Amino acid sequence: MAAAAAPAARGALQAGRAGLAAAGSRLGPGWRLPGSWAGRRAGLATWARGWAPAGAAPRRGYSSEAKAEDELRVRHLEEENRGIVVLGINRAYGKNSLSKNLIKMLSKAVDALKSDKKVRTIIIRSEVPGIFCAGADLKERAKMPPSEVGPFVSRIRAVINEIANLPVPTIAAIDGLALGGGLELALACDIRVAASSAKMGLVETKLAIIPGGGGTQRLPRAIGMSLAKELIFSARVLDGQEAKAVGLISHVLEQNQEGDAAYRKALGLAREFLPQGPVAMRVAKLAINQGMEVDLVTGLAIEEACYAQTILTKDRLEGLLAFKEKRPPRYKGE
């Protein structure tokens, strides 16, 4: 019986190894799949270098990187929140809809962040009250000849995929309307939090099209196939409480006077992530993402390979020493 199972196990191991190798580049420069899944790493120090931990405190600090007129504001939080980056969509006149320019800016921002080893968590939010993202810019779309529509939708899909493949945790803070491509953008994030007053839905069938930014694939993975079909077929819009009930979001909050209850919750979650080992956070995300796309046996093989990446790190030894000395660990991402 063991002999019969051996080829299947080897096949699963090879499949998991291939999937992990393909995804390895998402962890950042210097990452390599170990020659042996028993734990030898290659390039891990290069990959992990520069990831200094940050504390978790309620104080908010912003840098002044972005200009007020920008449609996307990239803010690197500072002081105790160092390591948290906020992408703020700021296209009020278009209800934060996904225009050519906004997609270009998102792509540029994501491209810079995915290789920045000082980044620990990314929050995507709106800086326009009552709106997260209303989906595609239909006024702009109406002016496009049919030959341009397909390539542009492909570009939107590619940028949303880039967000999904970021190596660090991502949180969507939904404080307002998230329809069509706006919800697809949120679905690409690891965690979604929303105000109870927020409205969410994939409404494309009302326009005689289908979700084109990953919604037909990510929504079923988030809430199950049958319910996802029901919501897409009906173009139904859910509020925050309904979204929480079906598992579309992780947390629902009563909206506050400032209109940023979801963002505040997202910031609180990001602060919880900051003290953890930077290498472990990246590898944990990779193991979960890759494991969910394969069978359990292959997924466990992927977990084994990912765990091996942490064994020889200085951070692991620091964690053990800190536990022994009864003090908080001081991780360096090495």
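The model is predicted, so local features need pLDDT of at least 70 and side-chain atom pairs count only at pLDDT 80 or more, while totals for chains, interfaces and linings use all residues. Residues are numbered from 1 along each chain as its sequence is written, and side-chain values use heavy atoms, with hydrogens and water left out.

**Exercise 1: Confidence**

Work out which element has the lowest mean pLDDT and which has the highest.

Step 1. Start with the whole chain: pLDDT (the predictor's confidence in each residue, from 0 to 100) averages 83, and 79% of the residues score at least 70.

Step 2. Now go by element, where helices (H or I, at least four residues) and strands (E, at least two) are DSSP runs numbered from the N terminus.

Step 3. Where pLDDT is low, the predicted coordinates should not be read in detail.

**Exercise 2: Salt bridges**

Take the salt bridges Glu71-Arg91 and Arg75-Glu127, and work out which parts of the chain each one links.

Step 1. A salt bridge is a side-chain nitrogen of Lys or Arg within 4 Å of a carboxyl oxygen of Asp or Glu; the whole structure has 12.

Step 2. Glutamate 71 and arginine 91 meet at 3.2 Å, N to O. Glutamate 71 is in the loop between helix 2 (44-48) and strand 1 (72-76), arginine 91 in the loop between strand 2 (84-89) and helix 3 (100-113), 20 residues apart. Buried means under 20% relative accessible area, exposed over 50%, and partly exposed in between (1.4 Å probe, protein chains only). Glutamate 71 counts as buried at 8%, and arginine 91 does too at 7%.

Step 3. The closest N and O atoms of arginine 75 and glutamate 127 are 3.4 Å apart. Arginine 75 is in strand 1 and glutamate 127 in the loop between strand 3 (121-126) and strand 4 (131-133), so this bridge ties together parts 52 residues apart in sequence. Arginine 75 is partly exposed at 22%, whereas glutamate 127 is buried at 18%.

Step 4. Shared partners join Glu71, Arg91 and Asp137 into one salt-bridge network.

**Exercise 3: Asparagine 96**

Locate asparagine 96 and decide whether this residue is buried or exposed.

Step 1. Asparagine 96 is in the loop between strand 2 and helix 3.

Step 2. Its relative accessible area is 0%, so asparagine 96 is buried.

Step 3. Beyond four places in sequence, asparagine 96 touches residues including Ile89, Leu102, Val128 and Phe132. Its side chain also reaches the backbone nitrogen of arginine 91 at 2.7 Å.

Notes:
Polar contact = N/O pair within 3.5 Å; in protein donor to acceptor, adjacent residues only side chain to side chain. Contact = heavy atoms within 4.5 Å.
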